[in-house]
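Biologist: Please show me the chain. I would like to go through the model with you.

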Amino acid sequence: EEVRVGQRRLHSFYESIINVLVGYGIATGAQILIFPWFGIHIPLADNFIIGGIFTVISIARSFWLRRVFNWLHTKGILV
């Protein structure tokens, strides 16, 4: 029988963090540009805090989804 080897959890975690940090930079920059179009004017520090909160949520989401898909792959459910 074929042995399926998946990505280690730590590697999944590292990949998720790098992905989300890049996303944090893009999202925070987008907030700074887009919020004023909608009449939202907040201090720069608040933009970074809001971005940080969503970054933590995003890391958890990304890690969890990667682990689910890895599990599905190792069980043969996804090829």
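Biologist: How many helices and strands does the chain have?

Modeller: This is a predicted model, in which local features need pLDDT of at least 70, side-chain atom pairs count only at pLDDT 80 or more, and totals for chains, interfaces and linings use all residues. Residues are numbered from 1 along each chain as its sequence is written, and side-chain values use heavy atoms, with hydrogens and water left out. Helices (H or I, at least four residues) and strands (E, at least two) are DSSP runs, numbered from the N terminus. By that rule the chain has 2 helices and 0 strands.

Biologist: Why is the chain described as more spread out than a compact globule?

Modeller: The radius of gyration is taken over C-alpha atoms, and the globule rule is 2.2 Å times the number of residues to the power 0.38. For 79 residues the rule gives 12 Å, and the chain is well over that, so it is more spread out than a compact globule, with a radius of gyration of 17 Å.

Biologist: What box do the C-alpha atoms fill?

Modeller: The box is taken along the principal axes. Its dimensions are roughly 60 × 20 × 15 Å.

Biologist: What share of the residues is buried?

Modeller: Buried means under 20% relative accessible area, exposed over 50%, and partly exposed in between (1.4 Å probe, protein chains only). Of the 79 residues in the chain, the buried share is 18%.

Biologist: Among contacts between residues at least 6 apart in sequence, what share joins residues at least 24 apart?

Modeller: Contact means heavy atoms within 4.5 Å. Among those contacts in the chain, the share is 67%.

Biologist: What span does helix α1 reach?

Modeller: Helix α1 covers residues 9-34, which is 26 residues. The expected span of a helix is 1.5 Å times one less than its number of residues.

Biologist: How far apart are the end C-alpha atoms of α2?

Modeller: α2 has 31 residues. At 1.5 Å a residue it should span 45 Å. The model agrees, with a separation of 44 Å.

Biologist: Which element do the buried residues of α1 pack against?

Modeller: The buried residues of α1 are Ser12, Ser16, Val20, Thr28 and Gln31. On the other helix, the buried residues include Asn47, Gly51, Thr55 and Ser58. What covers the buried residues of α2 includes α1. In turn, the buried residues of α1 pack against α2.

Biologist: Which residues does Tyr24 contact, leaving aside neighbours within four places in sequence?

Modeller: Tyr24 is in helix α1. It is partly exposed, with a relative accessible area of 23%. Its C-alpha is 14 Å from that of Asp46, 22 residues away in sequence. With the neighbours set aside, the contacts of Tyr24 are Phe48, Gly51, Gly52 and Thr55.

Biologist: Is Leu72 buried or exposed?

Modeller: Leu72 sits in helix α2. Leaving aside neighbours within four places in sequence, Leu72 is in contact with Ile77 and Leu78. With a relative accessible area of 19%, Leu72 is buried.

Biologist: What is the relative accessible area of Trp71?

Modeller: Trp71 is also found in helix α2. Its C-alpha is 17 Å from that of Glu15, 56 residues apart along the chain. Trp71 is partly exposed, at 46%.

Biologist: How far is Ile40 from Leu78, C-alpha to C-alpha?

Modeller: Ile40 is in the loop between α1 and α2. Ile40 is partly exposed, with a relative accessible area of 36%. Along the chain, Ile40 and Leu78 are 38 residues apart, and their C-alpha atoms are separated by 44 Å.

Biologist: Which residue with positive phi follows α2?

Modeller: The phi in question is near 85 degrees. The residue that follows α2 with this value is Gly76.
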